[in-house]
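Here's a quick briefing on one protein chain, written for someone who likes cut-offs spelled out. Have a look at the model first, then read on.

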Amino acid sequence: MGESTSENGRISAAEFHRAPGVSDWRVTGTGPQAVFTATSLARAAALVPAVVEAAERAGILPDVDVRPEGVVVRVPYRDPDGIPATAPDFAASVSRTAAELSLTPDPTRAQSVGLYVAQHSQADVRPFFTAVLGYEELGDTDAVDPLRCGPQLAFNPISGDSPGRGRTHLDVFVPADQARARVDAALAAGGRLADDSHAPAWWSLASPDNHGVDVASWTDTDG
C-alpha cells in the first residue's frame, strides 16, 4: 500500500483515507465503515461471501449488517489502538465486489452513535453500566456491547458539579464531509447551537427541551 504503519500494525484515519480504492468508506467513532444500498435483501446479502473472503485474506474481523435496504460493512475497533493496517486492502476489495454487484455506495449514511456519560470526578459509574447493559470494558474509559450492536459508551469525569447528578448526552460520529449538513439539519429541526468552539471537530447542540447531542467528525480525519 505504501502507507506508514505504527509499530503495533495500526494506521490512522487519515492514512486509511489516503489508501487507494477506499473512496466508498468513512471512518466513524467505531472504525471504518461503508454503506451500500440495495433493492432487496437477496441483493444485499450477495455481498457477504466477498466480505468473508476479503476478511480472511486481510486478517480482518468485520461486522456486516444486512438489511433489505442495503448492507453496512464495518471494521470495528476491537482495541483502543486504531485501525488495522490491512483494513484499506480489505475495504478496497469489498468495494470492487459491491460495484460488480451494482450495489451503490452511500457515504451519507455512514455513522456511529455513542453515549457520553459525564460523571462526577469522585464517582466511577462504568461498573454499573457494564453490569446493567451486559457490556464489556474497552480501554480505560469506554464500554462496548460485546456484539457491537448497541452504542459505545464513554465515561469522562467532570468537576464542579453536584455529586448526586449525572449527565449523559449523545455523540453522533459522521463523516467529515457530512458533518456540517447534519448540524444544519438539526438546527432547522428546532435544535440550538450550544457550542461551536471546537468545530469542525465537533459541534455541541441542544434539542428544544435541552438534551445534549454532539455531532463529531474528528475521527474521520485523525492523524
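What follows is a short tour, from the overall fold down to single residues.

This is a predicted model, in which local features need pLDDT of at least 70 and side-chain atom pairs count only at pLDDT 80 or more, while totals for chains, interfaces and linings use all residues. Residues are numbered from 1 along each chain as its sequence is written, and side-chain values use heavy atoms, with hydrogens and water left out. The chain has 6 helices and 15 strands; these are DSSP runs (H or I of at least four residues for helices, E of at least two for strands), numbered from the N terminus.

**Overall shape**

- A compact globule of 223 residues would have a radius of gyration near 17 Å, and the chain's 18 Å agrees with that. The radius is taken over C-alpha atoms, and the globule rule is 2.2 Å times the number of residues to the power 0.38.
- Along its principal axes, the C-alpha trace spans about 55 × 40 × 35 Å.
- Of the 223 residues, 41% count as buried. Buried means under 20% relative accessible area, exposed means over 50%, and partly exposed is in between (1.4 Å probe, protein chains only).
- Among contacts with a separation of 6 or more, 63% come from residues 24 or more positions apart; a contact means heavy atoms within 4.5 Å.

**Nonpolar cores**

- The largest nonpolar core has 27 residues, and those with the most contacts inside it are Phe16, Trp25, Phe36, Leu47, Val73, Phe90 and Val94. Such a core is a set of buried Ala, Val, Leu, Ile, Met, Phe, Trp, Tyr and Cys residues joined through side-chain atoms within 4.5 Å.
- Helix H1 (13–18), strand S3 (31–37), helix H3 (48–58), strand S5 (70–74) and helix H4 (87–100) each supply at least two residues of this core. The largest share, 5 residues, comes from H4.
- What does Phe90 touch? Not counting residues up to four places away in sequence, Phe90 is up against Trp25, Val51, Ala54, Ala55, Ala58, Ile60, Pro62, Val73 and Val75.
- There's also a second, separate core of 7 residues, which includes Val174, Ala179, Val183 and Trp203.

**Helix H3**

- Buried in H3 are Ala50, Val51, Ala54, Ala55 and Ala58. Looking down the helix axis, these fall within an arc of 135 degrees, so they line one face; the arc is that of the directions from the helix axis to the C-beta atoms.
- That buried set packs against strand S4 (63–67), S5 and H4.
- On the face of H3 turned away from its buried side sit the exposed residues Pro49, Glu56 and Arg57.
- Gly59 follows H3, with a positive phi near 70 degrees.

**Strand S3 and its partners**

- S3 is largely enclosed by the rest of the structure, because 6 of its 7 residues are buried.
- S2 (residues 26–28) pairs with S3 in the antiparallel sense over 3 bridges, where pairing requires at least two DSSP bridges between two strands. The two form a hairpin with 2 residues between them, and Arg26 has Gln33 as its bridge partner in S3.
- S3 and S5 run antiparallel and are joined by 5 bridges, with Phe36 partnered by Val71 in S5.
- S3 is also joined to S7 by 2 bridges, again antiparallel; Thr37 stands opposite Thr104 in S7.

**The 8-stranded sheet**

- An open sheet of 8 strands has the order S9-S10-S11-S8-S12-S15-S14-S13, with mixed pairing. Strands S9 (136–138) and S13 (192–195) stand at the edges with a single partner strand each, so one side of each is left without a neighbour in the sheet.
- The twist averages 30 degrees from one strand to the next.
- Helix H6 (residues 179–188) packs on the sheet, touching S12 (167–173), S13, S14 (202–206) and S15 (212–216), and its direction makes about 10 degrees with that of S14. Axes are lines fitted to C-alpha atoms, for helices over the stretch in contact, and angles run from 0 to 180 degrees between N-to-C directions.
- S8 (residues 112–120) and S11 (residues 152–158) pair in the parallel sense over 7 bridges.

**Gln111**

- Gln111 is in the loop between S7 (104–105) and S8, and counts as partly exposed at 28% relative accessibility.
- Leaving aside neighbours within four places in sequence, Gln111 contacts Thr28, Gln33, Val172, Phe173, Val174 and Arg182.
- The C-alpha atoms of Gln111 and Val174 are separated by 4.7 Å, although the two are 63 residues apart along the chain.
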